[in-house]
Amino acid sequence: MIKLSTNLIFGIFFLVICSCASSYKQINPDDLFFTGNSDQDYIEFSYKTNILNTSGNRKFARKEVKSGASVIAVRIQNNSDKEIIIGQNAHLKSGNYHLELLTPNQITSKIKQSTASYLLFLLLTPMQLTIDDGEGPPESYNIGIGVGPGLSLLNMATASGANSAFNKELVQFSLINKSIAPGETTYGLVGLNYSSLGTIELEILD
């Protein structure tokens, strides 16, 4: 007969209630479908919100809500005859407020999976499995010595890799000081230090 020790019962309960780290799923803003274009001086601008959640990055989406920041995907089509540079002669605004774009590192710092939290899996290290066949003394096995550290390392590595992949895509699609030539269409990922906003617009400066 197999008996579950108190430590093993705790371990199973711990595994059930603890969410594991998740890998990062690419957003690929250039593959998204954008609607609701707004035009100013032959510049078409559209954006999508809630993209971390809709792209399957629910762990990052939960961090996004807690952080008070937000990540949006944008599409800018320059149909004018002049170059526009985000942050110089063009910027995002909501109502009368100019929106400051967070750098990729700032976004990642605010919205990332915590690696240290997975050290809690080390609490599984004392977990025991006891087998009693009724014919001899019960035999106990410390299965936690492999389960605890193993789960900690696996989840920490997964979280770290996901954070790195998230930052890499943010860098790839950053719009900070982005130059958009006449006739060019640009896709970007924008981090904003706001959890809720009204309509976002791209304002072209004279």
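## A glycine after helix H3

Just after H3, Gly68 takes a positive phi of about 80°. Helices like this one (H or I, at least four residues) and strands (E, at least two) are DSSP runs, numbered from the N terminus. Before we go on, please note that this is a predicted model, in which local features need pLDDT of at least 70 and side-chain atom pairs count only at pLDDT 80 or more, while totals for chains, interfaces and linings use all residues. Residues are numbered from 1 along each chain as its sequence is written, and side-chain values use heavy atoms, with hydrogens and water left out.

Helix H3 covers residues 58-67. Which residues of H3 are buried? They are Lys59, Phe60, Ala61 and Glu64. Here, buried means under 20% relative accessible area, exposed means over 50%, and partly exposed is in between (1.4 Å probe, protein chains only). The areas come from the Shrake-Rupley method with a 1.4 Å probe, and for residues only the protein chains shown count as cover.

Arg62 belongs to a patch of positive charge on the surface, together with Lys25, Arg58, Lys63 and Lys66. Patches are made of residues with over 30% relative accessible area and no salt bridge; like charges are joined within 9 Å, and nonpolar side chains (Val, Leu, Ile, Met, Phe, Trp, Tyr) within 5 Å. Lys and Arg count as positive and Asp and Glu as negative, while His and the chain ends are not counted. The place of a charge is taken as NZ of Lys, CZ of Arg, CG of Asp or CD of Glu.

## Aromatic rings that pair up

How many aromatic pairs does the structure hold? There are five. Rings of Phe, Tyr and Trp (its six-membered ring) pair if their centres lie within 6.5 Å; planes under 30 degrees apart count as stacked, over 60 as edge-to-face and the rest as tilted. One of the pairs is Phe34 with Tyr187: the ring centres are 6.0 Å apart and the planes stand at 40°, so this pair is tilted. Phe34 lies in the loop between helix H1 (6-17) and strand S2 (38-40), and Tyr187 in strand S12 (residues 185-192), so the pair ties together parts that are 153 residues apart in sequence. Phe34 is buried, with a relative accessible area of 10%, whereas Tyr187 is partly exposed at 24%.

Phe60 and Phe166 form another tilted pair, 4.9 Å centre to centre with 50° between the planes. Phe60 belongs to H3 and Phe166 to helix H5 (residues 144-172), so this pair ties together parts that are 106 residues apart in sequence. Both Phe60 and Phe166 are buried. With Tyr24, they form one aromatic cluster.

## Two salt bridges

A salt bridge is a side-chain nitrogen of Lys or Arg within 4 Å of a carboxyl oxygen of Asp or Glu. By this rule the count comes to two. Glu44 and Arg75 meet in a salt bridge with an N to O distance of 3.8 Å. Since Glu44 lies in strand S3 (residues 43-48) and Arg75 in strand S4 (residues 70-78), the pair ties together parts that are 31 residues apart in sequence. Glu44 is partly exposed at 21% relative accessibility, while Arg75, at 17%, is buried.

In the bridge between Glu203 and Lys93, the closest N and O atoms are 3.6 Å apart. Glu203 is part of strand S13 (residues 200-204) and Lys93 part of strand S6 (residues 90-94), so the parts tied together are 110 residues apart in sequence. Glu203 and Lys93 are both buried.

## Other places to look

Ser38, in strand S2, is partly exposed with a relative accessible area of 29%. Over in helix H5 you will find Ala157, which is exposed at 51% relative accessible area. Ala157 and Ser23 are 9.8 Å apart in space, C-alpha to C-alpha, and 134 residues apart in sequence.

Finally, look at two asparagines. Asn28 has a positive phi of about 50° although it is not a glycine; its place is in the loop between H1 and S2. Asn177, also a residue other than glycine, has a positive phi near 60° and is found in the loop between H5 and strand S11 (179-180).
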